[in-house]
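Student: I'd like to learn how to read a model strand by strand. Can we work through one together?

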Amino acid sequence: HNTGSARSYREDSITIPSDQLTIGTLYVSVHAFTDSRFTIMAHFSAMKYLQDGRPQAGNVTKEAFDYWRMYVPYGASAITVAATPVRGYVLLFLSTTAEPDPYHKPETVQWSSTNYVTMQQITAKPGERTVNGQDAFCTDCYWNFAVYGASSSGVGGEGAAATNYIITASAFSPVRLQDGVPYPDTVDENEYKYYIFPLGNITSSRAAIGITITPTSGDPMYSALI
């Protein structure tokens, strides 16, 4: 893995994704544009896992990546992830094939949000991206998220080298209905909610299926597909 950094003044970081590491020795060089004094540190970072819908706190140094992973269950219809910095700016990258490495291996990124705004948010849906001719969206699999430190928390100055942020990811999965058990829910105008009802072994004693929707407000409608 041959890479470089020094894309900005003062603080600099390099992150090498774990799936690009091999057994051996990593060689690092530092080039001085002017007479310099500095400290250098190398460290291992363990993979962190997100839980569906639960916000978690992270921090990332300037020009470094912070990696997260989340399992997406079978049948999910969309994935939404948001990263909100406490101060400074972060960028957000998603991948279903590898740990995202946009600046050295752009093919490892399928979705991204790189506007310099307060919050980065991505909603990924089936059919939006392809990898080797196949849909990049997958379920019953792990998704990889990378949060990139676009600035120090000092924002334009020489403040602290790390940016603190909150990250949340949600997988929109169909609700599993149970035989004879009402399930209360809501849906916004012009939006959809999805449900599944396992059929199991259909016998003559259970030859028909009834689906009933009882609105308490509004005017919802449904369709069923086997």
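Student: Let's begin with strand S5, residues 90-95: how many of its residues are buried?

Tutor: Two terms come up here. A strand is a DSSP run of E, at least two residues long, and a helix is a run of H or I of at least four, both numbered from the N terminus. Buried means under 20% relative accessible area, exposed means over 50%, and partly exposed lies in between, with a 1.4 Å probe and protein chains only. In this predicted model, six of the six residues of S5 are buried, and the strand is mostly covered. Val-90, Leu-92 and Leu-94 are buried on one side, with Leu-91, Phe-93 and Ser-95 buried on the other, and both faces are covered.

Student: What should I keep in mind about numbering and confidence in a predicted model?

Tutor: Residues are numbered from 1 along each chain as its sequence is written, and side-chain values use heavy atoms, leaving out hydrogens and water. As the model is predicted, local features need pLDDT of at least 70 and side-chain atom pairs count only at pLDDT 80 or more, while totals for chains, interfaces and linings use all residues.

Student: Which strands pair with S5?

Tutor: The general idea is that strands of a sheet pair through backbone hydrogen bonds, either parallel or antiparallel. The rule used here is that two strands pair if DSSP finds at least two bridges between them. S5 pairs antiparallel with strand S10 (residues 141-149) over six bridges, and Phe-93 has Ala-146 of S10 as its bridge partner. S5 also pairs antiparallel with strand S6 (residues 111-113), over three bridges, where Leu-92 stands opposite Ser-113.

Student: Why is S4 described as largely enclosed?

Tutor: Seven of its eight residues are buried, so S4 is largely enclosed by the rest of the structure. S4 (residues 78-85) pairs antiparallel with S11 (residues 162-172) over eight bridges.

Student: Where is the disulfide?

Tutor: In general, a disulfide is a covalent bond between the sulfur atoms of two cysteines. The cut-off here is a pair of cysteine sulfur atoms within 2.5 Å. A search of the whole structure finds one, joining Cys-138 to Cys-141 with an S to S distance of 2.0 Å. The torsion about that S-S bond is about 90°, so the disulfide is right-handed. Cys-138 is partly exposed at 21% relative accessible area, whereas Cys-141 counts as buried at 15%.

Student: And how many helices and strands does the chain have?

Tutor: Zero helices and 13 strands. Of the chain's 226 residues, 30% count as buried. A contact means heavy atoms within 4.5 Å; among contacts with a separation of 6 or more, 66% come from residues 24 or more positions apart.
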